[in-house]
Amino acid sequence: MIIDTHAHYDDEQFDPDRKELLLSMEAQGVEAIINIGSDYRSLERILRLTEEFPFLYGAMGVHPDAVGELTEERFARLEAYVQHPKVVAVGEIGLDYHWNVEGKETQKHWMIRQLELARRQQLPVVIHSRDAAADTMEIMKRHGQGMKAVIHCYSYGREQAEEYVRMGYQIGIGGVLTFKNARKLKETAAVIPLERILLETDAPYLAPEPFRGKRNNSLYIYYVAEALAQIKGISAEAVLRQTRENARQFYGKIPGNQI
């Protein structure tokens, strides 16, 4: 049994067959899925999904591209959302300087506010960081010390990954690991201890080879495990066993065999 630590089943790409797809997971070995927040409107949808599917858990947070939607009133509502019994983390939150949808100072402000919320509620955080390596590291060192955190869809070099590991954080690895041009990520995966890796899909995005460019789903996490196993020189079963335990320890609220 495996745990997909990062997916977006509230996404409209799953509207045609969401229920059927999710109900197919058990037979193919997916034990639990963490559905991650993106924009403010996604949060209500995620809560409804966690109530409908026992094996689905939620993370409540607003992605850096969408923090312009936040107000003090909505932030108070977000804090109420994270107290739901099926919510296991705050996320995804962070910085994204690739598109600069929101200004850098606005992104930093709401990242810090959401980190503070997670600390108050004693929840782990799911960190999104794209083209913002230095600022993300600085904020996590100043505001994330002692917290549980995963750097989702890790895209930087091995040195920064090793620094995050020294800080006690997890490194999130998904379908990009299977891409032929993912040299930096493969080098990073080779040196990061398996105990510090969480497997994720980011479904419906970033499907692994041989499905690259198509809609991703949690069943494809096996391809990520196989790629990581080849890099580590161990079996895919050993990768799945350890990363499952990593996910349970990280999120805390996921008992075994929930489907």
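Leaving aside its neighbours within four places in sequence, which residues is His152 in contact with? Select His152 in this predicted model, and display around this side chain the residues that answer the question, namely His6, Glu92, Val126, Ile127, His128, Gly172, Glu200 and Asp202. His152 sits in the loop that runs between strand S6 (149-151) and helix H6 (158-166), and it counts as buried because its relative accessibility is 4%, where buried means under 20%. Among the contacts, pick out Glu200, whose side chain is joined to that of His152 by a polar contact of 2.9 Å.

Next, select Lys148, which is placed in the loop between helix H5 (133-143) and S6 and which, at 41% relative accessibility, counts as partly exposed. With residues up to four places away in sequence not counted, Lys148 touches Pro124, Val125, Gln249 and Phe250. Two backbone oxygens deserve a label here: that of Gln249, which the side chain of Lys148 reaches at 2.7 Å, and that of Phe250, which lies 3.3 Å from a polar atom of the Lys148 side chain.

H3 passes H4 in a right-handed crossing. To see the contact itself, show Glu72, Phe75, Leu78 and Glu79 of H3 together with Trp110, Arg113, Gln114, Leu117, Arg120 and Gln121 of H4; coloured by class, this contact has 4 nonpolar, 2 polar and 4 charged residues.

Notes: Residues numbered from 1 in each chain as written. Predicted model: local features only at pLDDT ≥ 70, side-chain atom pairs only at ≥ 80, totals over all residues. Heavy atoms only, no water. Left-handed = near helix turned anticlockwise from the far one by under 90°. Helix = DSSP H or I, 4+ residues; strand = E, 2+ residues; numbered from the N terminus. Contact = heavy atoms within 4.5 Å. Nonpolar A, V, L, I, M, F, W, Y, C, P; charged D, E, K, R; others polar. Buried < 20%, exposed > 50% of the residue type's maximum accessible area, 1.4 Å probe, protein only. Polar contact = N/O pair within 3.5 Å; in protein donor to acceptor, adjacent residues only side chain to side chain.
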